[in-house]
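This briefing goes through selected packing and backbone features of one model. The points are grouped by topic and can be checked against the coordinates.

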Amino acid sequence: MRRLLLAGLAAFTALPALAAPPAQPLDLETIMANPDWIGQPVESPYWSADGQAIYYQLKRDGSQVRDLYRVDPATGRSEKLDPAAVAGADAPSVYDRTHRYAAFVRHGDVFLRTLADGRTVQVTQTVEDESAPQFSADSRALQYRSGNDWYRYDLARGVSAPVAVLKFADDPDQKKTDALEDEQLELFSTLRQLKADKDAEKANARALAAADPGRAPQPFWLGDKIVAVDTELSPDGRWLLVVTRPKSYETGRHPKLTHYVTDSGYAEGEDTRVYVGHNEPAAQSLLLLDLREHRHYALPTDSLPGIKDDPLASIRAQTVAALKKAGKDDDAEALKAPEVRPVRIVSSAEDGGGGGIVWSADGRNLAIQLRAIDNKDRWIASVDFARHALTNQQRLYDDAWINWNFNDFGWLKDNRTLWYLSEETGWSQLYVKPLDGKARALTSGKFEVSHPQLSEDGQWFYLRTNRVAPYSYDVYRVPSAGGELVRVTQYQGMDGFALSPDGSRLAVLHSAPYVFDQLAVQPAAGGTPRELTHTMKRAFAAHDWITPKIVQVPSSHGAGTIYAKYYGPADESAAAKPAVIFVHGAGYTQNVTLSSPYYFREQMFHNMLVQKGYVVLDMDYRASEGYGRAWRDAIYRQMGHPELEDLLDGKAWLVKHHHVDPKRVGIYGGSYGGFMTEMALLRAPGEFAAGAALRPVSDWRLYNHEYTANILNTPELDPHAYAISSPINFADQLADPLLIEHGLIDDNVLAADSIRLYQRFIELHKKNFWMSLYPMERHGFVHPDSWYDEYRRIDELFDTYVKPAGR
């Protein structure tokens, strides 16, 4: 064991220092209390527009309010901003190509800063939320958006105007006449003259508008069959890309949850997300608007390589054959493969992103990242403006599914060379590709590269990687022209970074197992960092926390090494002892790192378990992040199977190396970890003495489409994958004590999931299963009383069924 003393951090914040009380034995009341007693992580750091200060947020003690702080990186002096100072604070900024101006969004409005004298102009003052400011290629205008509408602020004239008016209806001037109308015009000269006068007036109005830049632009009539989900304006103001979906698209039936404890005293319902397979996401299409010529063009996707293939052909054939054999011809017909697979824009605004469309800084080139709805292909395509067509630049295919992460891409400073991340080698690496040339890897190896940032001068890429070891993350940099990948920071628990506007310094977020995110600044080329914050409380640091030991568990199923964190006493004896295996959530996340864990309460609980005589193992089973594509893809069409093999290997390792009694091993986890707890007890009865499943998925047919269809396809197409991956289908094998705990207003994994499994156990006449429901909790618990009750029950479960042998 070691005591974490944080006084060595050179930090200055406005938080008062607390006297350190004597260290006390851990108890659940303390561990599960409001975490304000621990300290606050530094959140959302960014540089001021002039690069002379760094802003960051801290949660206020006793409240969910975040206060804004400003720190001088040269002196380390930090101050909390009062409301008046917040009103004048900078926000994350963008710059024009000459670096004369900066722009940012504050409280939903756009501001323009002249960097030489600091003069700031408020560009908008509306009830709408403006966003995405960018400077025009010639630095004469500031462009920004409100919803899907784009505006141009002329820096010289100080005037804002829309760059395009989108109308999702048919053009009234293009109304087709019928035979009767034609006859009327043929018969009556007066009607012909009236029509000619109207047409002349419209033509004159169009000519006047075209010649007068002070007028609002003429509308684009795009038809009444589509709606916009995203728009992106070229920096030169010539083009607008519009992402659309069918207007007729309906999401499908929404399951409901019930709030039983309400302000009104009445039970109230709430709609949640649609079940997987009940309606696929809406297919998206692309329109390119020429703002100068006032024309629009469709950008078809049918030329993308592989888009007419059916990667699910073999599975589809098996399912269709089974349906036809059962006489369900209509269902079989519904599974017919499309001639051209539908696509969506990666991280489109409809998905809460916007990063799937990137213009070059000069506005002359456009790259779009598209993903097949079946999740097997990702394309990065450029746009041929002369042909109004997509040109494929990179195709990434995965038999399982394209990763949620590692989809960053953009342009080098030459405006003609793409950079992007790709898992094509099995590991996320950084590539560059000229539009008319071959791709070249800037990084390579069996490690993951993420969060690339190009320096302002275009010479360097800064990125996050675990090159040293899967669990160790730092900032590295590599020349954009190619060269050596060089380590910049030495934290091993680096969690985020931001380049200063001039590219000379890095603001770095870093943490450790018992230290929340802290802020430091250091030279971008490497060197000694200056620590800027110290936000942990002394009451927390006073405890002798166990330093988790990162261990390597050998796989008995050919998977290589399974990394894990081991918690045990410093003076471990040879006596047989009980153990608990913790299973992290999300499936694709990484908990075995040298950073502060997301599961900080669980980490304290593990310390308490060791204090009570247990040892604890926390594993990055297959499907976890940080170990490459094959590790992630291992669960394709068989969720809960490779992971269970890894957990059983972890148990065997504990028995072999730490004198653990194989009959006294418990298991627990939340969300995906709750799912795995149920799979462990139901698919491997007798292996675990007891399990606690928190907010678990018990039937993947009830989960959402975006996550589940990646891994299991859809229930209609791949029913076998769902059958073998859902705990409810193994309910008849329950033999060991199982505690299920679920928030009743969980809108991620619905409580109905656990209630259905509970009813299944009832009908099977099973014993030793319990369920605890929390009326005011969603997926992530927020109330200390609920946290305490949840873990009190887990602690009692383990003390009753896992610890025994003398207790």
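**Aromatic pairs**

A search of the whole structure, which is a predicted model, finds 40 aromatic pairs.

- Trp37 and Phe540 form an edge-to-face pair, with ring centres 5.6 Å apart and 65 degrees between the planes.
- Trp37 sits in the loop between helix H1 (28–31) and strand S1 (43–47), and Phe540 belongs to helix H7 (residues 538–541), so the pair ties together parts that are 503 residues apart in sequence.
- Both Trp37 and Phe540 are buried.
- Tyr627 and Trp631 form a tilted pair, at 5.6 Å centre to centre and 45 degrees between the planes.
- Tyr627 counts as buried because its relative accessibility of 9% is under the 20% cut-off.
- Trp631 is also buried, with a relative accessible area of 9%.
- One aromatic cluster is formed by Phe582, Tyr598, Tyr599, Phe605, Tyr668, Tyr774, Phe781, Trp787, Tyr791 and Phe798.

**Nonpolar cores**

- In soluble globular proteins, nonpolar side chains tend to be buried together.
- The largest nonpolar core has 66 residues, of which Leu617, Met639, Leu654, Tyr672, Trp700 and Phe761 touch the most other members.
- Helix H11 (residues 672–683) supplies the largest share of this core, with seven residues.
- A second, separate core has 39 residues, including Trp545, Phe600, Leu797 and Phe798.
- Beyond its neighbours within four places in sequence, Phe761 is in contact with Leu682, Ala731, Leu734, Leu738, Ile740, Lys766 and Phe769.

**Contact of helices H8 and H15**

- Helix H8 (residues 600–611) packs against helix H15 (residues 784–801) at an angle of about 35 degrees, and the two axes are 12 Å apart.
- The crossing of H8 and H15 is right-handed.
- On the H8 side the contact is made by Arg601, Glu602, Phe605, Met608 and Leu609, and on the H15 side by Trp787, Tyr791, Ile794 and Asp795.
- Sorted by class, the contact of H8 with H15 has six nonpolar residues, three charged residues and no polar ones.
- Phe605, Trp787 and Tyr791 from this contact are also members of the aromatic cluster.

- Val276 is in the loop between strand S18 (268–271) and strand S19 (285–290).
- Val276 is buried, with a relative accessible area of 0%.
- The C-alpha atoms of Val276 and Leu702 are separated by 6.6 Å, although the two residues are 426 residues apart along the chain.
- Not counting residues up to four places away in sequence, Val276 touches Trp700, Arg701, Tyr703, Asn704, His705, Thr708, Ala709, Asn713, Pro715 and Tyr722.
- Trp700, one of these partners of Val276, is also among the residues that touch the most other members of the largest core.
- Lys80 belongs to strand S4 (residues 78–80) and is partly exposed, at 44% relative accessible area.
- Lys80 and Tyr69 are 11 residues apart along the chain, and their C-alpha atoms are separated by 4.4 Å.

- His765 is not a glycine, yet has a positive phi of about 60 degrees.
- His765 is placed in the loop between helix H14 (751–763) and strand S45 (769–774).
- His765 is exposed, because its relative accessible area of 69% is over the 50% cut-off.
- Asn768, also not a glycine, has a positive phi of about 55 degrees.
- Asn768 lies in the loop between H14 and S45 and counts as partly exposed, at 38% relative accessibility.

Definitions and conventions: Residues are numbered from 1 along each chain as its sequence is written. This is a predicted model: local features need pLDDT of at least 70, side-chain atom pairs count only at pLDDT 80 or more; totals for chains, interfaces and linings use all residues. Side-chain values use heavy atoms; hydrogens and water are left out. Axes are lines fitted to C-alpha atoms, for helices over the stretch in contact, and angles run from 0 to 180 degrees between N-to-C directions. Helices (H or I, at least four residues) and strands (E, at least two) are DSSP runs, numbered from the N terminus. A crossing is left-handed if the near helix is turned anticlockwise from the far one by less than a right angle, and right-handed if clockwise. Contact means heavy atoms within 4.5 Å. Ala, Val, Leu, Ile, Met, Phe, Trp, Tyr, Cys and Pro count as nonpolar, Asp, Glu, Lys and Arg as charged, and the others, Gly among them, as polar. A nonpolar core is a set of buried Ala, Val, Leu, Ile, Met, Phe, Trp, Tyr and Cys residues joined through side-chain atoms within 4.5 Å. Buried means under 20% relative accessible area, exposed over 50%, partly exposed in between (1.4 Å probe, protein chains only). Rings of Phe, Tyr and Trp (its six-membered ring) pair if their centres lie within 6.5 Å; planes under 30 degrees apart count as stacked, over 60 as edge-to-face and the rest as tilted.
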